[in-house]
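Please look over the sequence and the model shown here before reading on.

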Amino acid sequence: MKTLSIDVRRAEPQDAWGISETHRASWLQGYGGIIPHKPLMQMVQRRDEHWWRKATRGPATLLVLDVAGVVAGYATLGLNRAQSLPQDGEIYEIYLRPEYQGLGLGRLLFGESRRLLKSLGCNGIVVWCLEDSEMAERFFRSAGGLDIAEGMEDFGGKELKKIGFIFR
Ligand SMILES: CC(C)(COP(=O)(O)OP(=O)(O)OC[C@H]1O[C@@H](n2cnc3c(N)ncnc32)[C@H](O)[C@@H]1OP(=O)(O)O)[C@@H](O)C(=O)NCCC(=O)NCCS
């Protein structure tokens, strides 16, 4: 019988292409119709394979969800950037390729990201998502997040509301 390997591990430079494909597909699917087309395309194009290769050596920790050798998702994490919130850690981004969503893999990647931040000494974490991103909002609520903060972000002249969830 064949077994399917599912692993969450630190990203390596050779993952850059898979992460850029994941980023592109997940952002176009998740933010199409929410973020205006032009800034969305610019953000996707800027983060090409080269950009992600540099990110594997950057200050934020970059994890990949590896399903049988395919990069099916990624998460970036590090110190909390919002000085008004006392939580130490932050998950900056968590994205899965559309075809891997809804299978429990996001929960796995999120859990590993939280565990890693905790093992590094972080007390509490923050995650931000766009208010219009219903899937993300449901996901963070079902993971036990409390929405205690909000802010606005500008995307090519369109102001969108974002929600900050905290986790113990
Ligand atoms: C948000 C995301 C990371 C969740 O990962 P996922 O693998 O799809 O989610 P899971 O299968 O682990 O689901 C965990 C829980 O989230 C909720 N959830 C996830 N997807 C959902 C959907 N499409 N509809 C309703 N609830 C959903 C459910 O409560 C689910 O719990 P359940 O299985 O007990 O019902 C992933 O769907 C994704 O990358 N989405 C697009 C990008 C995005 O919005 N990223 C977050 C940016 S901040």
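Ser5 lies in the segment before strand 1, where helices (H or I, at least four residues) and strands (E, at least two) are DSSP runs numbered from the N terminus. This is a predicted model, in which local features need pLDDT of at least 70 and side-chain atom pairs count only at pLDDT 80 or more, while totals for chains, interfaces and linings use all residues. Residues are numbered from 1 along each chain as its sequence is written.

A residue is called buried if 20 or more other C-beta atoms lie within 10 Å of its own, exposed if 12 or fewer, and partly exposed in between, with C-beta atoms placed from the backbone. Ser5 counts as exposed because it has 8 C-beta neighbours inside 10 Å. Its C-alpha atom is separated by 7.8 Å from that of Asp66, which is 61 residues away along the chain.

Seven strands form an open sheet in the order 1-2-3-4-5-7-6, and the pairing is mixed; two strands pair if DSSP finds at least two bridges between them. Strand 1 (6–10) and strand 6 stand at the edges with a single partner strand each, so one side of each is left without a neighbour in the sheet. From one strand to the next, the twist averages 25°, where axes are lines fitted to C-alpha atoms, for helices over the stretch in contact, and angles run from 0 to 180 degrees between N-to-C directions.

| Strand pair | Sense | Bridges | Residues standing opposite |
|---|---|---|---|
| Strand 1 and strand 2 | antiparallel | five | Arg10 and Leu63 |
| Strand 5 (125–130) and strand 7 (158–167) | antiparallel | six | Leu130 and Lys162 |
| Strand 6 (146–155) and strand 7 | antiparallel | nine | Ala149 and Gly164 |

Strand 6 and strand 7 also form a hairpin with two residues between them, and Gly156 in the turn has a positive phi of about 55°.

Helix 1 lies across strand 2, strand 3 and strand 4, running at about 85° to strand 3; contact here means that the C-beta atoms of two residues, placed from the backbone, lie within 7 Å. Helix 5 packs on the sheet as well, touching strand 5 and strand 7, and its direction makes about 155° with that of strand 5. The buried residues of helix 1, among them Ile19, His23 and Tyr31, pack against helix 2 (37–46), helix 3 (49–55), strand 2, strand 3 and strand 4. After helix 1 comes Gly33, whose phi is positive, near 85°.

The largest nonpolar core has 31 residues, and those with the most contacts inside it are Leu63, Tyr74 and Val127; such a core is a set of buried Ala, Val, Leu, Ile, Met, Phe, Trp, Tyr and Cys residues joined through C-beta atoms within 7 Å. Among the elements that each supply at least two residues of this core are helix 1 (16–31), helix 4 (105–119) and helix 5 (134–142). Leaving aside residues up to four places away in sequence, Leu63 touches residues including Val8, Tyr74 and Leu109.

Around the ligand there are 19 residues, of which the closest are Gln101, Gly106, Arg107, Ala136 and Ser142; a residue is near a molecule if its C-beta atom, placed from the backbone, lies within 6 Å of it. Helix 1, strand 4, helix 4 and helix 5 each supply at least two residues of this shell, and helix 5 gives the most, with five residues.
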